[in-house]
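Please look over the sequence and the structure before reading the notes.

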Amino acid sequence: MEATENKYIKLQLQKTLGVFEECTDDLIFIYDMLNDHYTISKRALDTYNLPGESFNNVSETLLSIVHPDDREMLADDLNQIMDGKKDYHNLEYRWMDREGKVTWISCRGKVVDSESKMFVGRVSRLDRRRKADHLTGFLAETQLKIDYAKKMENKPNGSENFLIVGIDNLKKINQKFGMDGGDKAITYVSTAIKSCIHEKTKFYRMYGDEFVVCIAGDTEVVKNVYKDIRIKLDELISENNYELFFTISAGIVEVTDSMSYDELKMKMEFSINQAKKKGKNCVCIYDEEEYQEYMKILDIQELLRNSINNDFKGYEVFYQPIVDVSTGRLLGAEALLRWRCEKYGNLSPVEFIPILEESGLIIPVGRWVAYTAIKQCKEWQKYIPEFKMNINISYIQIKKSNIVVDILNLIDKIGIDPKYLTFEFTESTYIENDSIVKKLIKTFSDEGIKLALDDFGTGYSNLAYLQNLNVDVIKIDRSFVNKAMADENIYSVINHIIDIAHSMKLSVCIEGIENEIERKKISRLVPDSMQGYLYGKPVNAIQFMQDNILSSMA
Ligand code: C2E
Ligand code: CA
Ligand code: CA
């Protein structure tokens, strides 16, 4: 083919491209394979790092924006076209944008002139294209974003609320009944939503199987819509004999003048998560105060994490004396974690320990507490050879880390007799039949490490279950002691508990003895040990040494 002829075809194509690119969101391209020259809609440059709308050295330049894992596949396909083995191209793969983020694209094209190898086609962003959900017919989130921007241009005059609805435990439904079962559940929910709301309303399905709809009216109106949806859903489930009765949670966010889309989304997610946290199958109206509290927790979590990365700076272990009831002698100490930071000062463990637990940070921190406290115990045994150390552990450490191995390693490394260590965990209903806890108890007792059941009397205090649990010590909580001081019945319950515990060869420690009156009255019940402000508040190691170790030696 003449070079001039080739140029002519290309010019015509480029003109056509100029027209077409105005009419579509896609990117149009012409690839002159013989001359190794590529032209693409100028808009491509906004997103992708290409040298210009036209460039040579095509395979190299183009491949530079293709995801490394997709390059071979693309080069293969183009080679086949070049060799005349095929004349079309239809691939879905990844282009990296200017920020290095992955964008999924669909690239389709055809050789329009086999001699000139002029290859024309379009590139379409897959993530942008999905405007509706095939299963429910609901619009996709991209559309919600566009519609929300329009709504904000013409500010609404009456009250309007966004309702977000999500299926509780969809993952479990999918696992149990397969994707088809899950799809059915999704269809029932979308049908229920549609049947409860004016048909002109736009319905959206978000990524992650949540549904969103904007409803005119105040929050009470929207709450009632949610209730209607639930009733309708229950009807659909029973009419269709669906295998499982499932529930939905929801959140409500009021539209305000200046709220950006990102803010709306964040508030919707927050409110539906609150509903799920409150036990699911309910609706929560977005609450700014709750949100600020949540943000504070996230902030603290970040600071707690920074402290760990900063060589545990800010963390400290305090020690509170435990004394023998019959002799009044110091037996040992309970290690109690402290944490301070510039922004929030000294935070109570009651506040920061749940944050450590929720984030899993309790695992490294707990390990550090155990290390610090065991080392300290060993140190104090130089002064009081039988000195014992109690260390608190969380269920998360038992469940999500190899705490048994960690502790055995520490014992070995520090070189302490395990019989001087007691690990305390709180009683909770889930402990009873938990195989991980049972295993921990068994290994600890085989190794001669003691276990204490903490906070006895605050929750599920069942004496029969103590027998199965096989611990060495029970610690009776301060709140129980408080009540016993005022109520003779409770006093005799504690008496009874101590008797039974002793008959099971369990040792009993009473917590939170604050004054002489309490000490006298509780001592009559003959527990084994006591702990409380009367004997000493938790203090740091230096202070404990002065107040307790040295004085008990004198
Ligand atoms: P806990 O294990 O029941 O510890 C006893 C709590 O009672 C301590 O609170 C202690 O300061 C307080 N206390 C002791 N004697 C008295 C008293 O006479 N009167 C009153 N009113 N309180 C007394 P603290 O140090 O604030 O710790 C709170 C909780 O945080 C602990 O309760 C424990 O559950 C948890 N915790 C502390 N350190 C750790 C740790 O290293 N790991 C884990 N997992 N939890 C810890
Ligand atoms: Ca404790
Ligand atoms: Ca306790």
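The model is predicted: local features need pLDDT of at least 70, side-chain atom pairs count only at pLDDT 80 or more, and totals for chains, interfaces and linings use all residues. Residues are numbered from 1 along each chain as its sequence is written, chains are lettered from A and ligands numbered from 1 in the order in which they are written, and side-chain values use heavy atoms, with hydrogens and water left out.

**Domains**

- The protein is assigned domain 1 (2–129), domain 2 (139–286) and domain 3 (297–553); such bounds come from an automatic or database domain assignment.
- The centres of domain 1 and domain 3, taken over C-alpha atoms, are 67 Å apart.

**Calcium ion (ligand 2)**

- Its protein donors are Glu334 (OE), Asn392 (OD1), Glu424 (OE) and Asp454 (OD), at 2.1 to 2.3 Å.
- Donors are N, O and S atoms within 2.8 Å of the metal (3.2 Å for Na, K and Ca), and sites may look incomplete because water is not among the atoms.
- The donor residues of the calcium ion (ligand 2) follow the spacing E-x57-N-x31-E-x29-D in sequence.
- Asn392 belongs to strand β16 (residues 388–392) and Glu424 to strand β17 (residues 421–426), so this pair ties together parts that are 32 residues apart in sequence.
- Helices (H or I, at least four residues) and strands (E, at least two) are DSSP runs, numbered from the N terminus.
- Asn392 is partly exposed at 30% relative accessibility, whereas Glu424 is buried, with a relative accessible area of 1%.
- Buried means under 20% relative accessible area, exposed over 50%, and partly exposed in between (1.4 Å probe, protein chains only).

- Asp454 lies in strand β18 and Glu511 in the loop between β20 (507–510) and α19 (516–523), so the pair ties together parts that are 57 residues apart in sequence.
- Asp454 is buried at 5% relative accessibility, and Glu511 is buried at 11%.
- Asp454 coordinates both calcium ions, ligand 2 and ligand 3, which are 4.0 Å apart.

**Largest pocket**

- The largest pocket has a volume of about 1,100 Å³.
- Of its 39 lining residues, Glu334, Leu336, Asn392, Asp454 and Asp455 lie nearest its centre.
- Elements that give two or more residues to the lining include β14 (330–341), α12 (362–380) and β18 (450–456).
- On a 1 Å grid over the protein atoms alone, a pocket is an open set of points where a 1.4 Å probe fits, with protein on both sides within 12 Å along at least five of seven lines; lining residues have an atom within 4 Å of a point.
- Grid points are joined across faces, edges and corners, and a volume is the space filled by probe spheres set on the points.

- Arg43 lies in the loop between β2 (37–40) and α2 (44–47), and is partly exposed, with a relative accessible area of 34%.
- The side chain of Arg43 reaches the backbone oxygen of Asp26 at 3.3 Å.
- Thr39 is found in strand β2 and is buried, with a relative accessible area of 8%.

Definitions and conventions: A polar contact is a pair of N or O atoms within 3.5 Å; within protein, one must be able to donate a hydrogen and the other to accept it, and residues adjacent in sequence count only if both atoms are side-chain atoms.
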